[in-house]
Amino acid sequence: MKFFKSFIIFSLIYFINCTTTPLPAILFTKTTQNLPYQANNYLTSAEIKKKGQACAMSVLWLGLLFFAGNESIEKAMQNGNIKKVAVIDSESTILLSGLFVKECTIVWGE
């Protein structure tokens, strides 16, 4: 019975990972993807001259122990001193199936 309870808790933690990666691996996952569906109000016909990045990190599943950062599009634009956005990407780095998660928004533009 104790094994069954542990299995249920582990399964909930593993399968409820709050990340944007399509399929988190057990040891290490790093993905980069384009985000056109979240950026309709930001995208312009700008040239790609600068890069801005904003990240958020969490330790333990779903940020139970530690969560910090601001991965918004506005913060990435501010960090890269970007006024016109050409492309918006998202990058996810996951260690040990969610023990450590780093989510970044990357903005390209001028």
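**View 1. Surroundings of Thr93 in the predicted model.** Thr93 touches Phe28, Thr29, Lys30, Phe100, Val101 and Lys102, not counting residues up to four places away in sequence; contact means heavy atoms within 4.5 Å. The residue lies in strand β4, strands (E, at least two residues) and helices (H or I, at least four) being DSSP runs numbered from the N terminus. Thr93 counts as buried because its relative accessibility is 15%, buried meaning under 20% relative accessible area, exposed over 50% and partly exposed in between (1.4 Å probe, protein chains only). This is a predicted model: local features need pLDDT of at least 70, side-chain atom pairs count only at pLDDT 80 or more, and totals for chains, interfaces and linings use all residues. Residues are numbered from 1 along each chain as its sequence is written, and side-chain values use heavy atoms, with hydrogens and water left out.

**View 2. The open sheet of five strands.** The strand order is β1-β4-β5-β2-β3, with antiparallel pairing; two strands pair if DSSP finds at least two bridges between them. β1 (28–34) and β3 (66–69) stand at the edges with a single partner strand each, so one side of each has no neighbour in the sheet.

**View 3. Pairing of β2 and β5.** Strand β2 (residues 50–59) runs antiparallel to strand β5 (residues 100–109) over ten bridges. Ala54 stands opposite Thr105 in β5.

**View 4. The largest nonpolar core.** Nine residues form this core: Leu35, Ala54, Ile73, Ala76, Met77, Ile82, Val85, Ile88 and Val107. A nonpolar core is a set of buried Ala, Val, Leu, Ile, Met, Phe, Trp, Tyr and Cys residues joined through side-chain atoms within 4.5 Å. α2 (73–79) and β4 (85–95) each give two or more residues, and α2 gives the most, with three.
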